[in-house]
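Hi,

Here is the structure I promised to send over. Have a look at it first, and then read on for what turned up when I went through it.

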Amino acid sequence: MSTATDLVAAADGLRERLLEEQAATEERTRYSEELHETFRELGYYRMLQPRRYGGLETDVTTFYRVIMSISRGCPSTGWMLCLGSGHALQVGSYWPEEAQEELFGDGHFIASASFAAKDALARPVDGGYRVSGTWNFCSGVPYATHHIGLAPLPDDGGVLVVAVPRKDFTVLDDWGDLIGLKGSGSHSVVVEDAFIPAHHAITFEQFAGFDVDTTPGYELHGNALYGGAFVPFAMGELNSVQVGNAQAAVDEFERIITARRTWTPSVGEGTSRAENKDYQRCLGLGLAYTDAAYSIVERCGDLYLEHARQAMEDGIPIDEERGFRIYGQLMTAHKLCWEAGDTVFRAASTSGARDGARMQRLFRDLCAFRTNGIHQLDFKATSIAQARLGLPVDFYTQA
Amino acid sequence: MTATTAIAPPEPDLTADELLRRARALVPTLRERQPATEAAGRVLDETHEAFLEAGLYRTLQPKRFGGYEVGLRDFIRIMSEVSRGCPSSGWVLALTAGHPHLLSHWSEQAQAEIYGADGDARVPGRPVQPGLAVPADGGYVVSGTWDYASGCDQATHFMGSAIVQGSDPPRLVWLLVDRADFEIVDNWDPVGLRGTGSKRVVCADVRLPEHRVITAVGTSPERPPGWRSHANPLYAGGLFSLLFFELGAIAIGAARGAIDVFEEVLATKALDIPPFVLRGEVDEYQHHLGQAIGLVDLAEAALLEGADRYLEQATRAYEADEPVDDNGEETRRLLLLQQNCIRLCDEAVERIFRTGGTSSARRGHPIGNAMLALTVMRTHMGLQLDRTSTNLGRLRLGKEAGFV
């Protein structure tokens, strides 16, 4: 299992199993240990890990394709796998060699990460920091070996990004009350006064900044994959799940209209819904929207590498405008995914809105990310324009 | 037409403005009760009592059967206002309070029976999903299973549909059964509007006299027995288009309720990222709020204008003694107007939902409730904008059109 095609084909091959396990995954709030083992055997946790630590150094677009395929079977599973496995790229890019050596360790590395901290603090001590805090929405944490959290330094001394090993945190049983993505393993993590060596922490700027001409990861691995701007990558991850989720809704709609007939008072039961143009139109729109969104995500995966290569090899740094314009594309993909899901949900009849109905679950999953405060195109649009115009970006500057 | 004894309304001088004022006064309480209502999966008894006490179920009920018989515009405003407090409770209210129009299709005798001695009548209905009506000495023996019976817990009667056994072509009839003659099965579990308790109603071998059964409106050119049974032309208007005013009113109320909460969010919640100011200080949020208000204003204006058009059409029908064609072009245009009104409300709520913070997506949150109410509403078989658009286009081109 190594070529890009194999990785995606294997994900496609899991589709039926993922569909069958959706309800149980939701109930459990995470995918099963058996599935975790399958992902492990398929190398899914190693896709973005550097080769020198046993990884595959898969390109970003292939990674997205795998996540889109898994999410098409189960959005919660796709989300959890994606966020658990994707942070290998972050560590592989920005952490120094010594830290990478220790963090990737024996080659099995899964890390959740979260911006949403409560009372987080990194207190400088000899050789490192004492870190405490609670982080919410730590997707991927159930099988994680590490958690990566934002932690402010005392007295407005800046913000660190720290990698905390599993032995130093506890996972709260607090996931599942959001409307959807209930199986995404997005529990909270609590760290109590853990010692984190200095080299396991980087600054927020090192991780979120655009304007760099090299990174520790690029120096170490000689692959532009580790020289990109992480936040646009992360946006692509989230949208890969949205694309798979919307495709799943369209698949389900196709199943429903093929199985059901129309009904009218004067005629009674009529023809198959699949033969009716109104249903055909919805299916066609759903396919068109999701096809377009799929292409956007692929393109943004390619752009990640292209921009990184230019920054690392040609001395053309990734500026804010280029980064923001990737966001703009991805947020447009998100709009299309929502539109696709909304279109097929409405036309699938009220029975699709009932508890236990797959259509209902897929719609709820789409709703869960729809409320994301920073992932709104109409919010981001002004930032894109400000970057373009060379004006200071005054709102949602980082993401 | 035989004259029936008039029933006096409980408060003979009650005006539409006063009903609206009472509805408005209920809004804060209804909003507080939203989580409990959704969790209970039905309208709470205390809410039902409040509706009864305020006279809200009698909003569109004919005066001589103990109602307040307000105009359609007022009906829409009052139902919207209640839905602003709680879309599920507003749904049940609107779908029962609007049904005197439905009842007006039955004979005087049947209507008098349903309104009884005091005019206390709530009749949810299911015009499709027919059961079976077996003709039997001057009446029928009826069995059937009808889903989505909004208001069944508060009902005094139920209107079901059935195919008459042996009829060819199949004759679809609507029938009125007493509360004692049907069972409620709780199979209501949708993602939104949970609090409506729109459960399944089941009848087994219920004997009904002839006058409780009429040919389904819109399936035959014959006049319903209750045609022009009230002097008010409102009741001579198209049936389906009247029923969708109920949904339009609920949609407007649900959207206004979401805007209310969104305003509170913007005034009290700071950004969780730089620059950490109150959301209401940020241009982008201001823009969303303005957009949402504008969309709902437009929807409401359209629906109220639609109410005027409805009444014009009804008056023409009444005066010409010629029932409205429920499948005609004019009626479809009204339906399309109602559907578009709901679409605009949905768009407004969707804006609010996605920018009101992730807490909106937690169970029981009023913004999430409004969003899910609109979403589930839009799965209604009569609210398929694409289909109605095509059907209207076909009618305009002189071609035959399908159902709704």
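**What I found**

Let me start with a sheet in chain A: it is open, has 4 strands in the order S2-S3-S7-S6, and its pairing is antiparallel. Strand S2 (117–125) and strand S6 (169–171) of chain A are the edge strands, each pairing on one side only. From one strand to the next, the twist averages 10°. Keep in mind throughout that this is a predicted model.

Inside that sheet, strand S3 (residues 128–135) and strand S7 (residues 189–197) of chain A are joined by 7 bridges in the antiparallel sense.

Next, strand S4 (residues 146–152) of chain A. Of its 7 residues, 6 are buried, so S4(A) is largely enclosed by the rest of the structure. Strand S1 (residues 111–114) of chain A runs parallel to S4(A), with 4 bridges joining them; here A:Ala113 sits opposite A:Ile148 in S4(A). S4(A) also pairs with strand S5 (residues 159–165) of chain A, this time in the antiparallel sense and over 7 bridges. One of the pairs to look for is A:His146, whose bridge partner in S5(A) is A:Pro165. S4(A) and S5(A) make a hairpin with 6 residues between them, and in the turn A:Asp155 has a positive phi of about 55°.

Over in chain B, helix H3 (residues 45–54) has two sides to show you. B:Thr47, B:Phe51 and B:Ala54 are buried. Viewed down the axis of H3(B), the buried residues fall within an arc of 75°, so they line one face of the helix. As a reminder, an α-helix has 3.6 residues a turn, so residues three or four places apart point the same way. What do the buried residues of H3(B) pack against? Their neighbours are helix H1 (16–32) and helix H5 (87–97) of chain B. The other side of H3(B) carries B:Asp45, B:Glu46, B:Glu49 and B:Glu53, which are exposed. Just after H3(B) comes B:Gly55, with a positive phi of about 80°.

Last, the contact between the two chains, which takes 35 residues from chain B and 37 residues from chain A. On the chain B side, two or more residues each come from helix H10 (329–355), helix H11 (366–377) and helix H12 (385–396) of chain B. The residues on that side of chain B divide into 15 nonpolar, 12 polar and 8 charged.

Cheers

Key: Residues numbered from 1 in each chain as written. Chains lettered and ligands numbered in written order. Predicted model: local features only at pLDDT ≥ 70, side-chain atom pairs only at ≥ 80, totals over all residues. Buried ≥ 20, exposed ≤ 12 C-beta atoms within 10 Å, placed from the backbone. Arc of directions from axis to C-beta. Contact = placed C-beta atoms within 7 Å. Pairing = 2+ DSSP bridges. Axes fitted to C-alpha atoms, helices over the stretch in contact; angles between N-to-C directions. Nonpolar A, V, L, I, M, F, W, Y, C, P; charged D, E, K, R; others polar.
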